[in-house]
Amino acid sequence: MSTPSTTSTSALRIHGERLWQSLMDLARIGATPKGGVCRLALSELDGQGRDLVVGWAREAGLSVTIDQIGNVFMRRPGRNNSLPPIMTGSHIDTQPTGGKFDGNYGVLAGLEVMRTLNDHGIQTEAPMELAFWTNEEGSRFVPVMMGSGVFRGAFTLEHAYAATDVDGKTVKDELQKIGYLGDEVPGQHPIGAYFETHIEQGPVLEDHGKTIGIVTGVLGIRWYDCTVTGMEAHAGPTPMHLRRDALQVATRLMQEVVACAGRHGPEGRGTVGMVQVFPNSRNVIPGQVKFSIDMRNASDAACDAMDADIRAVAERLTRETGLAIRLDLVSAYPAQPFHPDCVEAVAHGARTLGYSAMRCVSGAGHDAVYMAQLAPAGMVFIPCKDGISHNEIEDADPAHIAAGCNVLLHAMLERAGVVG
């Protein structure tokens with residue numbers, strides 16, 4: 001496969017204003033009064049958003065294929081169409097109180113890459129593709145990252161089809177209703193390499209004053225349910241030294257979750273997000289507390305070390321207090337490193353274009369996680385204002401939007417090769 005010609009492509013840039021306008025046009029579908037977007041997966045609005053993007057793709061001369069879980073693939077041919085395509089993509093479904101950029105940016109950045117290649121008459125050796133994946137957010141149907149997960153074989157098509165929303169509507173019926181129940185068998189679609197461009201959804205790039213995040217991988221995740229059992233009793237007559245207060249022991253363990261993340265830095269994360277206190281009465285000493293623990297780190301070994309750490313703390317607290325502590329692992333996602341060649345392609349693109357950049361990890365899951373298990377993959381991050389995402393006030397600088405797309409363009413060309 002040939003490589004991009006320095007003289008022919010080094011000065012190549014995307015049309016920033018066109019990309020921004022596409023983002024704003026898509027954001028009108030499901031627009032909320034606070035400036036965000038509510039376009040839930042497989043809703044009528046999602047269907048309208050899909051139709052808009054597919055229409056733009058066809059206008060750009062891309063052929064369109066839809067698989068049985070509603071993933072959409074839009075192809076620009078190369079000189080050698082027997083080669084697997086160099087793919088980019090993300091999702092266009094949103095959270096109920098979502099923003100304009102989460103997922104949508106990655107899809108429309110890919111479209112802008114294709115439009116730019118058309119503008120300059122550039123032919124690539126390998127074909128290039130843009131994909132958007134069904135139900136990445138998981139806010140209407142679970143599991144999250146449904147379309148890419150079925151494509152990867154992480155769970156079956158039948159399992160995804162049977163998922164229901166709060167009104168009992170199924171994925172299969174809703175796909176059929178909006179016209180995106182395709183024919184292609186998920187996974188029977190080759191990928192030569194995969195890139196995903198995304199807002200960071202956190203504050204790290206902004207804090208460091210960097211334009212481009214060169215994403216080296218996605219953090220592994222361990223989710224636990226923790227139950228601390230003591231004895232409820234009257235808050236007045238029971239002396240402090242005779243209490244079996246589940247909440248006081250639980251709060252010590254909650255603090256240790258945060259401390260554990262610090263002990264396993266720099267990428268350790270520890271969060272308690274849900275707490276249930278029984279009987280939850282003002283004048284009753286809590287007899288039982290249930291709470292969630294979310295722990296993350298950049299490697300499976302680091303996640304294992306955090307697991308051992310927090311379990312040892314729980315055992316120590318049981319010995320000290322006599323209260324039973326049950327720690328159940330309810331879900332685990334392995335850490336996913338990205339391919340060194342794709343990581344370097346992103347880094348090379350940032351250097352070539354003169355953007356400030358830093359290597360970083362993704363604390364959130366993305367469709368790129370499943371793609372990285374099938375083909376070489378990498379991600380490009382740009383800052384989002386104040387690190388805010390999954391929120392109607394989510395925002396990004398148009399200059400950063402263009403910069404990330406430019407890096408995507410050059411990274412994809414490096415993998416696809418340029419003819420001539």
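Start with the whole chain and its contacts, where a contact means heavy atoms within 4.5 Å: of the contacts in the protein chain with a separation of 6 or more, 79% are between residues 24 or more positions apart. What you have open is a predicted model, in which local features need pLDDT of at least 70 and side-chain atom pairs count only at pLDDT 80 or more, while totals for chains, interfaces and linings use all residues. Residues are numbered from 1 along each chain as its sequence is written, and side-chain values use heavy atoms, with hydrogens and water left out.

**The whole chain**

Switch to a cartoon view, and the protein chain shows 13 helices and 16 strands, where helices (H or I, at least four residues) and strands (E, at least two) are DSSP runs numbered from the N terminus. The radius of gyration of the protein chain, 24 Å, is close to the 22 Å that the globule rule gives for 420 residues, so the chain is as compact as a globular protein of that length; the radius is taken over C-alpha atoms, and the rule is 2.2 Å times the number of residues to the power 0.38.

**Residues 218-319**

Next select residues 218-319, which UniProt lists, in an unreviewed entry, as "domain: Peptidase M20 dimerisation"; such annotations may be inferred rather than shown by experiment. Over this stretch the chain is 37% helix and 31% strand, and the C-alpha atoms at its ends are 36 Å apart.

Leaving aside neighbours within four places in sequence, G89 is in contact with G106, L130, A131, Y194, F195 and E196. For a sense of distance, draw a line from G89 to V228: the two are 139 residues apart in sequence and 44 Å apart in space, C-alpha to C-alpha.

Continue to Q95, in the loop between β3 (86-90) and α4 (104-119). Q95 also counts as buried, because its relative accessibility is 18%. Not counting residues up to four places away in sequence, Q95 touches V37, C38, R39, L40, E137, S139 and H390.

**Backbone details**

For the last stops, keep in mind that most residues other than glycine have a negative phi, and most peptide bonds are trans. Select V142 and P143, and the peptide bond from one to the other is cis, with omega near 10°; P143 is found in the loop between β4 (128-132) and α5 (146-152). Then select G265 and P266, where the bond between them is cis with omega near 5°, and P266 lies in the loop between α9 (246-263) and β9 (269-271).

L42, in the loop between α2 (16-27) and α3 (44-59), has a positive phi of about 65° although it is not a glycine, and L42 is buried, with a relative accessible area of 1%. Finish at N280, in the loop between β10 (275-278) and β11 (284-285), which is not a glycine either but has a positive phi of about 60°; N280 is exposed, with a relative accessible area of 62%.

Conventions
Buried < 20%, exposed > 50% of the residue type's maximum accessible area, 1.4 Å probe, protein only.
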